[in-house]
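Visitor: Could you walk me through this one? I have not looked at it before.

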Amino acid sequence: MIKRFAALFCLLALAGPLCAQDNFFERWEARTTRTQSKQPQWAPPVVAPFVALIQVYRSDFTRQITPTGATVWNYDTSKGLNLIPWANTEIDINLPPFLDHSAPNTKDGFGDVSFLGKYRILTGNEKHGNYAVSFMVTGTIPTGSYSNGSADATVNPTLGLGKGFGKFNIQSCLGATLPTGDTKKLGRPVLWNITGQYHLGKYLWPEVEFNSTYYHGGPNDGKTQTFATPGFTVGRLKINHDPKSRLGIGLGGGMQIATSEFHTYNHGLVFTGRFLF
């Protein structure tokens with residue numbers, strides 16, 4: 001697919017050096033394959049951040065039910081394009097989500113634009129330790145409409161760890177959201193999650209996630225919110241039969257269930273779609 005894009009680009013733009021046999025797109029594809037071959041071939045969790053590197057276009061959808069019975073549809077949930085431009089490195093460009101509220105006196109609209117940079121510190125594939133360690137930083141820009149986004153830009157440094165045991169793996173991330181403006185309004189919440197995942201058959205990855213937010217400062221100071229999320233992913237389902245092709249799709253879903261006394265919503269139905277390349 002990347003080669004087809006390259007050929008089309010050459011025809012339309014007369015791109016000179018990029019049209020050579022060893023062109024930019026082929027080198028990118030080969031570098032991504034080499035980089036991912038050094039890490040475990042786990043599936044990214046349904047909700048939690050992925051501790052390894054992935055090249056994908058991803059779009060998720062969630063339906064949250066609040067304690068009052070109102071629903072909130074979140075279209076895209078701040079997902080987008082994930083690229084591996086260099087060895088051990090991933091850059092994500094995330095689209096703003098669109099929030100659709102059923103409660104009266106609330107306005108629908110777009111949330112904030114976000115970006116992520118990830119560096120894979122250590123890794124070993126299934127034959128060399130079956131583990132991954134990464135550090136990532138997410139930044140958000142307050143582009144949301146009405147109250148669907150943050151009042152200030154934020155920075156979220158996160159450490160991710162993962163270890164595999166045969167077909168079973170555990171992935172965990174710990175980070176904090178740090179506003180660049182008024183911390184009294186947003187606080188500094190700490191986010192922690194852990195995912196247990198099993199590779200069943202060729203394509204199925206059932207999992208259970210636990211996602212917790214520990215609020216420090218802000219209106220929810222001292223409170224904790226935790227969700228248990230049973231779910232699954234399916235993939236990579238290859239699009240063509242070429243063994244060298246990277247193209248594939250992944251699908252998945254899960255149900256977030258509030259397990260803490262404090263929670264901003266009771267349940268969240270999650271769908272995820274992924275185009276891998």
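Guide: What follows is a short talk about the core and the rings.

Guide: This is a predicted model, in which local features need pLDDT of at least 70, side-chain atom pairs count only at pLDDT 80 or more, and totals for chains, interfaces and linings use all residues. Residues are numbered from 1 along each chain as its sequence is written, and side-chain values use heavy atoms, with hydrogens and water left out.

Visitor: Which residues have the most contacts inside the largest nonpolar core?

Guide: They are Trp-42, Phe-50, Val-51, Ile-54 and Ala-132, in a core of 13 residues; such a core is a set of buried Ala, Val, Leu, Ile, Met, Phe, Trp, Tyr and Cys residues joined through side-chain atoms within 4.5 Å, where buried means under 20% relative accessible area, exposed over 50% and partly exposed in between, with a 1.4 Å probe and protein chains only.

Visitor: Switching to rings, how many aromatic pairs are there?

Guide: The whole structure holds 8 aromatic pairs, counted when ring centres of Phe, Tyr or Trp (its six-membered ring) lie within 6.5 Å, with planes under 30 degrees apart called stacked, over 60 edge-to-face and the rest tilted. One of them joins Phe-98 and Phe-110 edge-to-face, at 5.0 Å centre to centre and 75 degrees between the planes.

Visitor: Is Phe-98 buried or partly exposed?

Guide: Phe-98 counts as partly exposed because its relative accessibility is 27%, and Phe-110 is also partly exposed, at 45%.

Visitor: And why is the Phe-227 and Tyr-265 pair called stacked?

Guide: Their planes are at 20 degrees and their centres 4.5 Å apart, so the pair is stacked; Phe-227 and Tyr-265 are both buried.
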